[in-house]
Amino acid sequence: MSFLFVQFLTGLASASSLFLVASGLSLIFGVTRVVNFAHGSFYMLGAFCGYSAVGLLAPVLGDAFGFWIAVPLTAAAVAVLGAALEMTVLRRIYGAPELFQLLATFGILLVLADATLAVWGPEDLLGPRAPGLAGAVQVFGQAVPTYDLFLIGVGPVVLGLLWFCLQRTRWGVQIRAATENRELTAALGINQRRLFTSVFAVGAGLAGLAGALELPRHPASLGMDLGVIVEVFVVTVVGGMGSIPGAFVAALLIGQLQAFGILAFPEITIVLLFLFMAAVLIVRPWGLLGRPEAPAAARILQAEAPLRPLPASGKAAALAIALLLAAMPLVAGPYMLSVATEIIVFALFAASLHFLTGIGGIVSFGHAAGFGLGAYGAALAVRWLEAGMPAGLAAGVALAAVGTGIFGAFCIRLSGVYLAMLTLAFAQICYAVAFQWYDVTGGDNGLIGIWPPRWASSPETLYWLALLLCGAGAMALRHMVHAPLGLGMRACRDSPLRAEASAIDRRGIRWAAFTLAGMAAGLAGAFYAFFKGSVFPDALGVGVSVDGLVMMLLGGIGTLSGPLVGAAAYKATQVELAAATDFWRALLGLGIVLLVVLFPRGIAGQLQYLWYRWVR
């Protein structure tokens, strides 16, 4: 019994840290409606800045004063950085669709990750113990770190301070008004710019405070940003986006789930968090203490020109490009063909995500589920059934269709950020199964030896196969955009109520779109398994989903060719920069931020816009 109580206290300490980070994210989303992907970077910077601040202040002020003064100073420094980023980047794109804001914050994450690497280096930095709280106390005969008890008290104190600020100050009244109706607050003369900047600074400062306070428990490391952001998204969504009390309740529940889950279900520890989120969103689609979201369809795209079939000149140009691509093996070497093959595979992946998000209005943060299921379906067919390449590809597409069909039946009930987070939950559940079901999937060792047959093993043949299969998949998706299914998807995206009033089966169309997009992603994943000769759980990871979103938005979400252009630009830039410099992520992130700020239509969208202007 005493051991369980100590485990309960450990869960409370973890919950307190999670709440500090999640409350900042929830506050920012509630007012600005920005899904801040870089929020984990503020947490990481809090840990690194805290380490340096303690190192500078402790020799001057003494260990105790140096540490406890360094913590609030670190939070203030991170808050100033957050305010600077809001004023220089995010303020310029508040009017852009939410997905572009997400892309901009992803670019900021890449820049901050490499900036941290340049300043502090790649090694983990172990911080000092908290002066005065370095020991342990006995609780029912069990030793409990004193610092954990301190952290348990920090969470409710921060919750109380936030409640006081939101309920008893003019600033809090303005925040609550902006959360309810931003346009009305602007009409009442409230300075929105100043309000948004202050909110962003407070949110970033809370994340920085959490990072600095975490230093005595865990070393500062470069993976802290991505490691915490997924958990924080889960806490924020389970509690209800924009709800500070909801974030506190969710953090408590998830902290206890993690503390006791490792005892009760050690074999599924990774999946527990996402099973919990999926269960909550299925029962209560807007989180425990959140409110139903307004229909998100209108926010996915700005006003766009209607999509029309290619004219004769466009078809001729597409045929010419296809012929040039087909002739590439005549002039390119094996390395260039390998890069081109990978680009083609990810072009189909990005096109399938665009079909789901750009055409159907179904935002997915977990599209890697279809890609990874396709890869594992092909690999398992080869490994366990000794299937050849054609049967392996078919098995991959079939597994992706079954998996995304089941997930889609639950996801299509939701909308907006909640829908996106449920797709992420299902993708992470698949990742956890692949990672921990060692006997079947090989665990983190993956499945290797998934090579194509001899007749398809040369770089030239593999390239032509990729061009044929993935090109056919992309063309099929393009054809369906103009078919009755695509017209129904666009109707449901642009005006859900009118679509239902017109007797359009909205759920059926969204479910079909979800499954078809998953099958196309599965084909890309299955081919990728043969291309690489192996498959690992990373194929289902968050990184692949984020890559797909970046490719789609980089190319331009308002055009059908955008995902293909975005995949080529993103992968080619990634390969070239990675070969040229160790800080390629910063350059790539800076390029993404500049593109979002200067050309929010994306590459293909901007070129199309300039073409129409020139023609007129």
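Colleague: What should I know about the numbering and the confidence limits?
Modeller: Residues are numbered from 1 along each chain as its sequence is written, and side-chain values use heavy atoms, with hydrogens and water left out. This is a predicted model, in which totals for chains, interfaces and linings use all residues, local features need pLDDT of at least 70, and side-chain atom pairs count only at pLDDT 80 or more.

Colleague: How many salt bridges are there?
Modeller: A salt bridge is a side-chain nitrogen of Lys or Arg within 4 Å of a carboxyl oxygen of Asp or Glu. By this rule the count is eight.

Colleague: Where do the two partners Asp148 and Arg217 sit?
Modeller: Asp148 and Arg217 form a salt bridge, with the closest N and O atoms 3.3 Å apart. The pair links distant parts of the chain, 69 residues apart. Helices here are DSSP runs (H or I, at least four residues), as are strands (E, at least two), numbered from the N terminus. Asp148 is in helix α5 (residues 146–168), and Arg217 is in the loop between α8 (192–214) and α9 (224–239).

Colleague: Is Asp148 buried or exposed?
Modeller: Buried means under 20% relative accessible area, exposed means over 50%, and partly exposed lies in between (1.4 Å probe, protein chains only). Asp148 has a relative accessible area of 9%, so the class is buried.

Colleague: Which class does Arg217 fall in?
Modeller: Arg217 has a relative accessible area of 23%. Therefore Arg217 is partly exposed.

Colleague: Which residues are joined with Arg217 into one salt-bridge network?
Modeller: Arg217 also forms a salt bridge with Glu214, at 3.5 Å between the closest N and O atoms. Glu214 is buried, because its relative accessible area is 5%. Another bridge joins the side chains of Asp494 and Arg493 (2.8 Å, N to O). Salt bridges that share partners make one network of Arg217 with Asp148 and Glu214.

Colleague: Which element gives the most to the nonpolar patch?
Modeller: Patches are made of residues with over 30% relative accessible area and no salt bridge; like charges are joined within 9 Å, and nonpolar side chains (Val, Leu, Ile, Met, Phe, Trp, Tyr) within 5 Å. Areas come from the Shrake-Rupley method with a 1.4 Å probe, and for residues only the protein chains shown count as cover. Val60, Leu61, Phe65, Ile69 and Leu73 make a patch of about 490 Å², with two or more residues each from α2 (39–61) and α3 (63–88). With three residues, the element that gives the most is α3.

Colleague: Which class does Ile69 have?
Modeller: Ile69 belongs to helix α3. Its relative accessible area is 34%, so Ile69 is partly exposed.

Colleague: How many disulfides does the structure hold?
Modeller: A disulfide is a covalent bond between the sulfur atoms of two cysteines. The test is a pair of cysteine sulfur atoms within 2.5 Å. Cys49 is partly exposed at 23% relative accessible area, and Cys470 is buried at 2%. The number of disulfides is zero.

Colleague: Which residues have the most contacts inside the largest nonpolar core?
Modeller: A nonpolar core is a set of buried Ala, Val, Leu, Ile, Met, Phe, Trp, Tyr and Cys residues joined through side-chain atoms within 4.5 Å. The largest such core has 199 residues. Those with the most contacts inside the core are Met277, Phe371, Met421, Phe527 and Ile592.

Colleague: What does Ser534 contact, leaving aside its neighbours within four places in sequence?
Modeller: Ser534 lies in strand β4 (residues 534–535). Ser534 is buried, because its relative accessible area is 15%. Contact means heavy atoms within 4.5 Å. With those neighbours left aside, the partners are Leu447, Ile448, Ile450 and Ala529.

Colleague: What is the phi of Glu386?
Modeller: Glu386 is found in the loop between α15 and α16. Glu386 counts as exposed, because its relative accessibility is 71%. Phi is positive in this residue other than glycine, near 55°.
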